[in-house]
Amino acid sequence: EALLQRKHGSFPVAKALADIAQYYGFDGWFFNQETEGATQSMASAMVDFLTEVHGHGTGVLWYDAMTESGSVGWQGALDSQNDAFFAVSDGMFVDFRWSPASLTSSAAYATGMGRQPNELFAGIDVGSEQYGGQSQMDEIFPPKAASGVSVALYRPDFTLSGDPSQFQEREDRFWVGEDGDPSSSKPDESGWRGMSAEIAEHTTVTSTPFVTSFGTGHGHGWWHQGTQWQANDWNNLSAQDVLPTWRWVVDGSKLTLGYDMTNAWQGSQSVAIAGTVSKATTIWLY
């Protein structure tokens with residue numbers, strides 16, 4: 001309720017949130033009002049609040065929970081219960097209760113509002129499903145008559161659970177597939193093909209030349225020009241390099257690639273390549 005307090009006709013908190021986003025350089029805010037007890041007037045004020053946040057040039061993503069009556073009622077769809085929030089937001093996270101039919105109806109509803117279906121994000125609880133969510137991915141991205149909505153991944157950080165030494169293997173399996181080749185993405189024993197089977201790759205490289213040392217933002221040491229400066233575990237995502245777009249696509253000889261945290265020229269990692277080169281071979285990176 002304090003969030004929606006007005007002063008001189010505007011929302012001080014809305015301006016503060018916009019200032020924070022602009023100062024730290026992130027896109028915007030994800031709003032999940034999932035607490036019971038709100039009223040219809042508070043829901044109306046929330047629409048005004050989101051409008052003001054967005055008006056300051058800050059991105060707004062709405063979660064499908066609070067309805068326009070003020071109550072919490074997850075729709076699993078875009079409909080007349082939540083369209084006012086979507087209308088003043090850049091996108092909406094569609095609650096996990098969605099179905100293929102509700103995604104189709106939601107896409108049509110968005111189009112009727114003059115919006116794009118891909119501004120709706122169908123949620124998958126990958127923190128719970130982990131590698132068992134392929135059937136849901138197939139429902140969001142069916143081979144034919146796709147609804148055109150996007151996907152929202154809840155808790156993809158599950159790859160950090162368990163044995164820390166298996167993190168990179170689990171991370172690669174989730175994003176690329178167990179075969180480690182985004183150009184094939186064959187299903188594993190769980191049927192999981194990897195996110196790369198559904199989502200086209202994008203690169204952060206916008207111009208050349210660019211420099212990278214393949215650092216992932218964490219490691220077991222730090223090297224400078226081939227000399228190890230320290231041998232302690234560390235993590236700092238702000239020190240992450242421009243990482244390869246394709247991990248890994250190899251044309252030619254059968255080679256195995258991965259990050260090596262035991263030796264580097266600069267930073268924390270190098271790319272380790274193992275195998276026998278018996279013919280002309282290209283490793284696609286960017």
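## The main core

A nonpolar core is a set of buried Ala, Val, Leu, Ile, Met, Phe, Trp, Tyr and Cys residues joined through side-chain atoms within 4.5 Å. This model is predicted. Its largest nonpolar core holds 39 residues, and Phe 49 and Leu 50 touch the most other members. Elements giving two or more residues to this core include α1, α2, β2 and α3. Helix α2 gives the most, with 7 residues.

Leu 50 touches Phe 31, Val 60, Trp 62, Phe 85, Val 88 and Ser 89, leaving aside residues up to four places away in sequence. A second, separate core has 6 residues, among them Phe 214, Leu 243, Leu 257 and Tyr 259. In soluble globular proteins, nonpolar side chains tend to be buried together.

## Helix α2

Helix α2 covers residues 40-55. At 1.5 Å a residue, its 16 residues should span 22 Å, and the end C-alpha atoms are 23 Å apart, so the two values agree.

Which residues of α2 are buried? They are Ala 43, Ala 45, Met 46, Val 47, Phe 49, Leu 50, Glu 52 and Val 53. These buried residues pack against α1 (12-24), β1 (28-31), β2 (59-63) and α3 (83-87). Just after α2, Gly 57 takes a positive phi of about 80°.

## The second largest pocket

The second largest pocket holds about 220 Å³ of space. Its lining residues include Phe 141, Trp 175, Met 195 and Ile 199. Strand β5 (residues 150-154) gives the most to this lining, with 3 residues.

How many lining residues are nonpolar, polar or charged? The lining has 8 nonpolar residues, 1 polar and no charged.

How values were computed:
Residues are numbered from 1 along each chain as its sequence is written. This is a predicted model: local features need pLDDT of at least 70, side-chain atom pairs count only at pLDDT 80 or more; totals for chains, interfaces and linings use all residues. Side-chain values use heavy atoms; hydrogens and water are left out. Helices (H or I, at least four residues) and strands (E, at least two) are DSSP runs, numbered from the N terminus. The expected span of a helix is 1.5 Å times one less than its number of residues. Buried means under 20% relative accessible area, exposed over 50%, partly exposed in between (1.4 Å probe, protein chains only). Contact means heavy atoms within 4.5 Å. On a 1 Å grid over the protein atoms alone, a cavity is a set of points where a 1.4 Å probe fits but cannot get out, and a pocket is an open set with protein on both sides within 12 Å along at least five of seven lines; lining residues have an atom within 4 Å of a point. Grid points are joined across faces, edges and corners, and a volume is the space filled by probe spheres set on the points. Ala, Val, Leu, Ile, Met, Phe, Trp, Tyr, Cys and Pro count as nonpolar, Asp, Glu, Lys and Arg as charged, and the others, Gly among them, as polar.
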